[in-house]
Amino acid sequence: MKIELNKKDWALIIIIISVSFVSFISHYLLYGTGSDNVIVKVNGEITGVYDLENDDTININEGSNILKIKNRKVNMIQADCPDQLCVHQKPISSDHMSIICLPNKVFVEIQSKESSAVDAVTN
Amino acid sequence: MKNRVAFFGVFVALALIFSYVESLIPLQVGIPGAKLGLANLIIVIVLYKTDFKEAFLLSVTRVILSGFIFGNLASIIYSLAGGIISLCVMAFLKRRNSFSLYGISIAGGVSHNIAQLCVAMIVLHTKSLVYYLALLLLAGLMTGFVIGYISNEMLKRLSNINFN
């Protein structure tokens, strides 16, 4: 049983670092910046998934909230809630940002297509 | 023979405690399944002091018991895959006798993470988790190195104790 790091160990270490480096780089080359999804949830359940690239006006929850996607920005333009916090909130445009309308239980979040897979993994 | 059973019991208990302690340490990395693998310390030591069969039994027992005790049954399949594959990799490399304890421990840590990643990709039907390969390899490398160092120190001190 050898105790000190020998040449073969270093070879293994270098191989591991190179493979990890290559897979890291290739990921960015393959996926690029990717496109982001806009996820709309009412009461905890997903009611729609939209593409951030496509301009759209979305009726949420039978019109209690109206969401607008334009120029890669997501904005709540109308809501029937008393506080109107969601409408006054600044438009969101990046991963993991969200707009919430608590009284109507509406939750809108931007998820990049890769991280949406991660969110499904349990520890 | 009686000694072996007693030692095995002690090691199972130790491995369970180690995985519990490890679960108390909040891991900042946020990679699913990346952990210090402290329980692997026990596995490595048993592999070196006894044989593959003993270590294998220990690994499986520890995974199943810790799944029941700590209440995370779903994680059993991940830990089982990771544990069995990393143990097989380590035992195989140990036989070939060209790597030191550090190399074997590193190989064990890396293969553990790769196996868990593969299981996660199969279970969730998604290939996008490959994104984590780079981080998991590095994490496995580092934890394997640390475990290698600690088990080296422990084996030095256990050299006069015979587990048979």
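Ile147(B) lies in helix α6 (residues 133-157) of chain B, where helices are DSSP runs of H or I with at least four residues, strands are runs of E with at least two, and both are numbered from the N terminus. Ile147(B) is buried, with a relative accessible area of 4%; buried means under 20% relative accessible area, exposed means over 50%, and partly exposed lies in between, for a 1.4 Å probe and protein chains only. The model is predicted, so that local features need pLDDT of at least 70 and side-chain atom pairs count only at pLDDT 80 or more, while totals for chains, interfaces and linings use all residues. Residues are numbered from 1 along each chain as its sequence is written, chains are lettered from A and ligands numbered from 1 in the order in which they are written, and side-chain values use heavy atoms, with hydrogens and water left out.

**Ile147(B) and its surroundings**

- Not counting residues up to four places away in sequence, Ile147(B) touches Leu36(B), Gly37(B), Leu38(B), Asn40(B), Leu41(B) and Ser105(B); contact means heavy atoms within 4.5 Å.
- Leu36(B) stands 111 residues from Ile147(B) along the chain, and their C-alpha atoms are separated by 8.3 Å.

**Chain B as a whole**

- Chain B has six helices and zero strands, and its elements run α-α-α-α-α-α from the N terminus on.
- Of the 164 residues in chain B, 51% are buried.
- Among the contacts in chain B with a separation of 6 or more, 72% are between residues 24 or more positions apart.

**The loop between α4 and α5 of chain B**

- Ser100(B) is found in the loop between α4 and α5 (101-124) of chain B.
- Ser100(B) counts as buried, at 0% relative accessibility.

- Rolling a probe the size of a water molecule over the atoms shows where empty space is left.
- About 170 Å³ of space lies in the second largest pocket. On a 1 Å grid over the protein atoms alone, a pocket is an open set of points where a 1.4 Å probe fits, with protein on both sides within 12 Å along at least five of seven lines, and lining residues have an atom within 4 Å of a point. Grid points are joined across faces, edges and corners, and the volume is the space filled by probe spheres set on the points.
- The lining residues include Leu47(B), Phe52(B), Cys88(B) and Arg95(B).
- Helix α4 (residues 74-96) of chain B gives the most to this lining, with five residues.
- The lining divides into five nonpolar, one polar and three charged residues.
- Ala, Val, Leu, Ile, Met, Phe, Trp, Tyr, Cys and Pro count as nonpolar, Asp, Glu, Lys and Arg as charged, and the others, Gly among them, as polar.

**The four-stranded sheet of chain A**

- Four strands of chain A form an open sheet in the order β2-β1-β7-β6, with antiparallel pairing; two strands pair if DSSP finds at least two bridges between them.
- The edge strands are β2 (45-51) and β6 (98-101) of chain A, each of which pairs on one side only.
- β6(A) is joined by four bridges to strand β7 (residues 106-112) of chain A, and the two run antiparallel.
- Ile99(A) stands opposite Val108(A) in β7(A).
- In a regular strand the side chains alternate between the two faces of the sheet.
- The covered face of β6(A) holds Ile99(A) and Cys101(A), and the uncovered one holds Ser98(A) and Ile100(A).
- β6(A) and β7(A) form a hairpin with four residues between them, and Lys105(A) in the turn has a positive phi of about 55 degrees.

- Strands β3 (residues 56-60) and β4 (residues 65-70) of chain A pair in the antiparallel sense over five bridges.
- Ile69(A) in β4(A) is the bridge partner of Asp56(A).
- Asn61(A) lies in the loop between β3 and β4 of chain A and counts as partly exposed, at 31% relative accessibility.
- Asn61(A) has a positive phi of about 60 degrees although it is not a glycine.
- Ser64(A), in the loop between β3 and β4, is buried, with a relative accessible area of 7%.
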